[in-house]
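Trainee: I have just opened this entry and would like to learn how to read it. Could you walk me through it?

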Amino acid sequence: MPLTDAELEDLFRDPELPARAEFMALTASLAQQHSYEVGRTRIVFHRGADVLKVPLTDEGLHGSSWEADWSERYGKTGYIPIADSTIEYIDDLPVLRMERVQMPTADQWKSLPDWTGSVDCAQVGFTAAGELVAFDL
């Protein structure tokens, strides 16, 4: 669903975000091609087997960098496994590409391991291979 200029201005309120106008243009373009969800610091575009996380704020930009670094360092073997993530440059802008996950069912929530409580708002899910991972740190 396309985003209007007013919606984009509302989403990109952080004047500290580097390349703010360029991120707005990229977001407008991606919104015409992919479904999306708006978070507090990033907008997430659903794209096939992965998602793209575009920062809305400077905090979102740093969060994407941190998640890509965590994925590279620890991947799915650390105390908190994370979905495969990497920084992908689109129009020279750093965007986090992350493996898509499926949220746990109501029954699965009851038996999740303790580490899921350490994840921001228990944002965890299952990869296509059935691995339980965090998708937001």
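**Reading the core and a helix**

Mentor: Gladly! Let us start from one residue and its contacts. Beyond the four places on either side in sequence, Val 54 is in contact with Phe 23, Thr 27, Leu 30, Thr 41, Arg 42, Ile 43, Phe 45 and Val 95. Keep in mind that this is a predicted model.

Trainee: Which residues touch the most other members of the largest nonpolar core?

Mentor: Val 54 is one of them, together with Phe 12, Phe 23, Ile 43 and Phe 45, in a core of 20 residues. Two or more residues each come from helix H1 (5-11), helix H2 (20-33), strand E2 (42-47), strand E3 (50-55) and strand E5 (93-99). H2 gives the largest share, six residues.

Trainee: What does the second, separate core include?

Mentor: That core has 10 residues, among them Val 51, Ala 68, Leu 96 and Met 98.

Trainee: Now the rings, please. How many aromatic pairs does the structure hold?

Mentor: There are three. In one of them, Tyr 36 and Phe 45 are tilted, with 5.7 Å centre to centre and 55° between the planes.

Trainee: Is Phe 45 buried or exposed?

Mentor: To decide, look at the relative accessible area: under 20% counts as buried. Phe 45 has 0%, so this residue is buried. Another pair is Trp 70 and Tyr 74, whose ring centres are 4.9 Å apart; their planes meet at 55°, so this pair is tilted. Tyr 74 has a relative accessible area of 38% and is therefore partly exposed. Ring pairs also link Trp 66, Trp 70 and Tyr 74 into a cluster.

Trainee: How do I read a helix such as H3?

Mentor: Begin with its span. H3 covers residues 58-73, 16 residues in total, and its first and last C-alpha are 23 Å apart, close to the 22 Å expected at 1.5 Å a residue. Next, look for its buried residues: Gly 60, Leu 61, Gly 63, Ser 64, Glu 67, Ala 68 and Ser 71.

Trainee: Why are those on the same side of H3?

Mentor: Because they cover an arc of only 165° around the axis, they lie on the same side of H3. The face turned away from that buried side carries the exposed residues His 62, Glu 72 and Arg 73.

Trainee: What covers the buried residues of H3?

Mentor: The cover includes H2, E2, E3, strand E4 (85-90) and E5.

Trainee: And which residue with a positive phi follows H3?

Mentor: That is Gly 75, with a phi near 50°.

How values were computed: Residues are numbered from 1 along each chain as its sequence is written. This is a predicted model: local features need pLDDT of at least 70, side-chain atom pairs count only at pLDDT 80 or more; totals for chains, interfaces and linings use all residues. Side-chain values use heavy atoms; hydrogens and water are left out. A nonpolar core is a set of buried Ala, Val, Leu, Ile, Met, Phe, Trp, Tyr and Cys residues joined through side-chain atoms within 4.5 Å. Buried means under 20% relative accessible area, exposed over 50%, partly exposed in between (1.4 Å probe, protein chains only). Helices (H or I, at least four residues) and strands (E, at least two) are DSSP runs, numbered from the N terminus. Contact means heavy atoms within 4.5 Å. Rings of Phe, Tyr and Trp (its six-membered ring) pair if their centres lie within 6.5 Å; planes under 30 degrees apart count as stacked, over 60 as edge-to-face and the rest as tilted. The expected span of a helix is 1.5 Å times one less than its number of residues. The arc is that of the directions from the helix axis to the C-beta atoms.
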